[in-house]
Amino acid sequence: MTFEDYIALAVFILLWAGFSWATDGTRGFKRISLTRLMNDHRGRWIRNSLNRDLKMIDTQIIAGLQAGTAFFASTTIFALGGCFALLGATEQAQMIFADMPYVFHGGRTAFELKVAGLTCLFGYSFFKFGWSYRLFNYCSILMGGIPMTADMIRDRHAAEVAAERAVRMNVLAAKHFNAGLRAIFLSIGYLGWFISPYAFVGLTIFVIFVLTRRQFFSEARAALLQEAAR
C-alpha cells in the first residue's frame, strides 16, 4: 500500500459519504433529488389507500418491492462468494495483473487488502438489502392495519396516523435499499483500484457523476416534476 492508495481510498469514502448526504430524502436543497420526489409519491400511494377497501393493489406493490430487494440481496451473496474465491486464487490473479500493461503491481498483501475491502463493500450491501427486505415486510403488516373506509369515516385521525406510520416505514425501507444499491454501483469504481490508485479515483468520480446526473438531471426526475406541475 502506497501513499497514493491511502489518498485514493480517502477520496472514495468522502465521495460516497458526500453523495449519500446530498441525495438523502431529508435534505432541503433547492433542486429536489429523484429520491426525495419518489418518497413523496410513496406517501401519496399509501395515503390513497385510505379511500379504498380493496388492498390487493397495495399488496402487489409491496410484493414487487420485496422481490426486487431479495434479488439484489441474493446477488451480493454471489459477489461475496466470488471475493472469497479470488482470495484463494491470489497468486494466479497476480500473475495475470503482472502481465497487463499500465497496472500498478503492489504485491500480495496489498492485493489481499483490496479484495478484503471489496468483500466488505458487498457485505455492507447485503446487510442493507436484508434489512430493507425486512422493513418492507413490516410495512406490509402496517398496511394491513390501515382501517377500512367505513372505519376511517368514524375515526379519520386514527386512520391517518396508521397510514403515516406505514409511510415512514416504507420510506425507511427504501432508504436502506438505496444505500445497498449505491454501494454496488460504487464497487465498479472500486475495481479501478486493482489497476492503480489513479484509476480508482477516476472511476469513482465517473460513477458519482453518473449517479448525480440520475438524481438531479435525469429524464425520470423531469417526468415526476412534469406530473407534479399538472
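Me: Which helix does Tyr-190 lie in?
Reply: Tyr-190 is in helix 7, which covers residues 156-190. Keep in mind that this is a predicted model.

Me: Is Tyr-190 buried or exposed?
Reply: Buried, because its relative accessibility is 3% and the cut-off for buried is under 20%.

Me: What does Tyr-190 touch, leaving out residues up to four places away in sequence?
Reply: Phe-12, Leu-113, Lys-114, Gly-117, Leu-118, Leu-121 and Phe-200. With Lys-114 there is also a polar pairing: a polar atom of the Tyr-190 side chain lies 2.7 Å from the backbone oxygen of Lys-114.

Me: On to helix 8. How many residues does it have, and what does it reach end to end?
Reply: Helix 8 has 20 residues, 197-216, and reaches 28 Å from its first C-alpha to its last. That is close to the 28 Å expected at 1.5 Å a residue.

Me: Which residues of helix 8 are buried?
Reply: Pro-197, Phe-200, Thr-204, Val-207, Ile-208, Leu-211, Gln-215 and Phe-216. They cover an arc of only 140 degrees around the axis, so they sit on the same side of helix 8.

Me: Why would residues three or four places apart point the same way?
Reply: Because an α-helix has 3.6 residues a turn.

Me: What's exposed on the other side of helix 8?
Reply: Tyr-198, Phe-206 and Phe-209. For Tyr-198 the relative accessible area is 60%. Tyr-198 is also 64 Å from Arg-154, C-alpha to C-alpha, although the two are 44 residues apart in sequence.

Me: Where is Ser-33?
Reply: Ser-33 is in the loop between helix 1 (3-23) and helix 2 (34-48). Ser-33 counts as buried, at 4% relative accessibility.

Me: What is Ser-33 in contact with, again skipping residues up to four places away in sequence?
Reply: Thr-23, Gln-215 and Phe-216. Gln-215 and Phe-216 are among the buried residues of helix 8. A polar atom of the Ser-33 side chain also lies 3.2 Å from the backbone nitrogen of Arg-36.

Me: Different loop now. Where does Met-148 sit, and what does Met-148 touch?
Reply: Met-148 is in the loop between helix 5 (108-144) and helix 6 (149-154). With residues up to four places away in sequence left out, Met-148 touches Asp-53 and Lys-55. Asp-53 is 95 residues away along the chain, yet the C-alpha atoms of Met-148 and Asp-53 are separated by 5.5 Å. Met-148 counts as partly exposed, at 40% relative accessibility.

Me: Cysteines next: how many disulfides are there?
Reply: A search of the whole structure finds 0. For Cys-120, the nearest cysteine sulfur is that of Cys-83, 9.4 Å away. Cys-120 is exposed at 56% relative accessible area, whereas Cys-139 is buried at 0% relative accessibility.

Me: Last one. Which residues does UniProt annotate as "transmembrane region"?
Reply: The unreviewed UniProt entry gives 61-89, 110-127 and 190-211. In the model, residues 61-89 are 97% helix and 0% strand, with end C-alpha atoms 43 Å apart. Residues 190-211 are 73% helix and 0% strand, and their end C-alpha atoms lie 15 Å apart.

How values were computed
Residues are numbered from 1 along each chain as its sequence is written. This is a predicted model: local features need pLDDT of at least 70, side-chain atom pairs count only at pLDDT 80 or more; totals for chains, interfaces and linings use all residues. Side-chain values use heavy atoms; hydrogens and water are left out. Helices (H or I, at least four residues) and strands (E, at least two) are DSSP runs, numbered from the N terminus. The expected span of a helix is 1.5 Å times one less than its number of residues. Buried means under 20% relative accessible area, exposed over 50%, partly exposed in between (1.4 Å probe, protein chains only). The arc is that of the directions from the helix axis to the C-beta atoms. A disulfide is a pair of cysteine sulfur atoms within 2.5 Å. UniProt positions are given in the numbering used here, feature names are shortened, and annotations may be inferred rather than shown by experiment. A polar contact is a pair of N or O atoms within 3.5 Å; within protein, one must be able to donate a hydrogen and the other to accept it, and residues adjacent in sequence count only if both atoms are side-chain atoms. Contact means heavy atoms within 4.5 Å.
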